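Subject: Structure for your files

Hello,

Here is the structure I said I would pass on.

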Amino acid sequence: MAQIEEANLDGMAHLVTNRAIKGETMILNMGPQHPSTHGVLRLLLELDGETVISCIPDVGFLHTGIEKNMESKTYQKAEVMTDRLDYMNTTGNNLVYCLAVEKLVDLDVPVRAQAIRVIIAELQRLSSHLVWLATSALDVAAMSAFLYCFREREMILDILELCSGQRMMTTFFRPGGLWRDVPVEFEAAVREVLKVMPGRIDEYESMLTKNPLFIDRTVGIGKISGEDALAWGLTGACLRGSGVAHDYRKFAPYSGYEQYDFEVPIETAGDVYARYLVRIHEMRQTLRIIEQALNKLPMGPVRSNNHKFVPPPRSEIGTSMEALIHHFKLWTEGFDAPKGSVYVAVESPRGELGVYLEGDGGPKPYRCHWRTPSWDNLQVLPVLSKRCLVADLVAIIGSVDIVLGDVDR
Amino acid sequence: MNEQTFISALKSQFNGEQLEFRGESTLVIQRDQLLDVTRKIREMGFERLSDITAVDYFPQENPRFHLAYQFTSLAHHATLGLRVPVPGVNPSVATIEGIYPNANWRERELYDMFGIQINGHSDLRRILMPHDWEGHPLRKDYPLGYEEPQFTFNFDEIDVRKPYAKD
């Protein structure tokens, strides 16, 4: 049997100081099974007492080869895997994948489908921020926020279940539109969220924003300047917390975001507290977008009628020969995409979520690469955690809001 | 967006080939120009490196790989794509870590997934796969699944006939 090698410091000597080699500082392993690493993240910490001298992230424990797997499936089937990348932002992953496929094959999406996509993607952003708030507050020992946030998240998951039958892995958006129209109960359920959430967000804020214990744990911790944040490729709240107003919904609007009136909140401090404030404000802006989209939700079809790419409705199959042929072709071979590559990015709750999709003229993606925001946001952890305490490191990991499914793919 | 002015400026200096697809402009340049072109792109005001990835065109050998870079400029409100063909024999490319620090992990991913040597990289280790893994999973000649599971008692027996992607 092949010898299992013990991991040692030799290969990583360039990442720690000389004092670690001489044994003056301690190397401590944190994770991969650790509740405050938000998944299976392993960190090698070089510690002097309780001060972090250097931090070496070790990722890949959740690597499932999704990019490789997608190359062997047709464009429609590959979409199911996209839910599993960033499991806090499943519909957002569907959205960017559908946008990429639509751009690659040049397919139009009806306006109603675009508006519903916006509503659901924003609901998902809200639910992702709720999980972030719950867990990162828990990391700095604010237990009660956790229970409140999960209570509200449940309302959003119920809406996803109402639309798609699934709470998390919905695959509700499809290339060319949606799987099907939303049910009649949808509007009332979303209005209920719009009604209760502003008060609930105030409630979270009353627990944390002016809480001296929370402020002590977060202000001035994990600081990064706007310039460094750009150079390190940070996106999302980590970038906006450092004073750079960059949001893909404004930078390159997609799915009709240009019609909605909303602000991109920024803070300038660049610390854990600033990222907290940005996300709290973002939740309020998200509610604004949902309300506008719901108020002017247009009527009409939710799927493109280009049946070369989008399956015809079930009712047509019995009466139309064309529809039957399209249905058969789409579900046996899939559709062909032209040779060429596209790069499409959207604003996920964590930042720029991009897809590089390349077609080779056949029915399967030749290459599908995911530019995931958590990857870059995690990469900067050694910079953020320079000379902080171990307890602060936990707060920093919480504040960059990583999802390991998003990092490892 | 106004990519065209940037692409024209780069083309006049480096003679690259310009690709147009679905409104995205991409510049194809030679491998040895990469550092100069990237430096120029940074000077032109592209503050962010969005993405680096590779595509394997196996069994085509020269070039076997295309590296695809995406740059974003907030100041100019523009995005720019760059493609670098790399041959299949001893694939290697210079690191752009010195210009865009976040290239570090993305280049490690290229090394891990495609076996592309990154010259001058400060920390070239595997990133997603275990450090003793054999082969590079995203190459097209790497088998996808359907492998016999190996257990302690039959590890060597299966290892003999198990297909590995040979370098």
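The notes below go from the contact between the chains to the core, then to single elements and backbone details. Please keep in mind that this is a predicted model.

The contact between the chains

Chain A brings 36 residues to the contact and chain B brings 31. On chain B, the elements that each supply at least two residues to the side touching chain A are β3 (48–56), β4 (65–73), α3 (103–114) and α4 (155–161). The most comes from β3(B), with 6 residues. By type, that side of chain B holds 15 nonpolar, 9 charged and 7 polar residues.

The core

The largest nonpolar core contains 149 residues. Those with the most contacts inside it come from both chains: V96(A), A100(A), I119(A), V355(A) and I396(A), along with L67(B) and I116(B). The element that gives the most to this core is helix α5 (residues 111–139) of chain A, with 15 residues. Leaving aside residues up to four places away in sequence, V355(A) touches V96(A), Y97(A), A100(A), V344(A), C368(A) and W370(A).

The strands of chain B

β4(B) is mostly covered, with 8 of its 9 residues buried. β4(B) runs antiparallel to β3(B), and 8 bridges join the two; within this pairing, V55(B) has H66(B) as its bridge partner. β4(B) also pairs with β5 (residues 78–86) of chain B, again in the antiparallel sense, over 9 bridges. There, Q70(B) stands opposite G81(B). β4(B) and β5(B) make a hairpin with 4 residues between them, and H77(B) in the turn has a positive phi of about 55 degrees.

The loop between β3 and β4 of chain B contains both P59(B) and P63(B). The peptide bond from F58(B) to P59(B) is cis, with omega near 5 degrees. The bond joining N62(B) and P63(B) is also cis, with omega about 0 degrees. For context, most peptide bonds are trans, and most residues other than glycine have a negative phi.

Helix α1 of chain B

This helix covers residues 3–14, which is 12 residues. From first C-alpha to last, α1(B) reaches 16 Å, close to the 16 Å expected at 1.5 Å a residue. Which of its residues are buried? They include F6(B), I7(B) and L10(B). These three lie on the same side of α1(B), because they cover an arc of only 95 degrees around the axis. An α-helix has 3.6 residues a turn, so residues three or four places apart point the same way. The other side of α1(B) has Q4(B), T5(B), S8(B) and S12(B), which are exposed. Among the elements covering the buried residues of α1(B) are β1 (17–21), β2 (24–28), α2 (34–43) and β5 of chain B. N15(B) follows the helix and has a positive phi, near 60 degrees.

Positive phi in chain A

T171(A) is not a glycine, yet has a positive phi of about 45 degrees. T171(A) sits in the loop between α6 (143–164) and β4 (173–174) of chain A.

R387(A) is in the loop between α16 (381–384) and α17 (390–400) of chain A. R387(A) is exposed, with 10 other C-beta atoms within 10 Å.

Regards

How values were computed:
Residues numbered from 1 in each chain as written. Chains lettered and ligands numbered in written order. Predicted model: local features only at pLDDT ≥ 70, side-chain atom pairs only at ≥ 80, totals over all residues. Contact = placed C-beta atoms within 7 Å. Nonpolar A, V, L, I, M, F, W, Y, C, P; charged D, E, K, R; others polar. Core = buried A, V, L, I, M, F, W, Y, C linked by C-beta atoms within 7 Å. Buried ≥ 20, exposed ≤ 12 C-beta atoms within 10 Å, placed from the backbone. Pairing = 2+ DSSP bridges. Expected span 1.5 Å × (residues − 1). Arc of directions from axis to C-beta.
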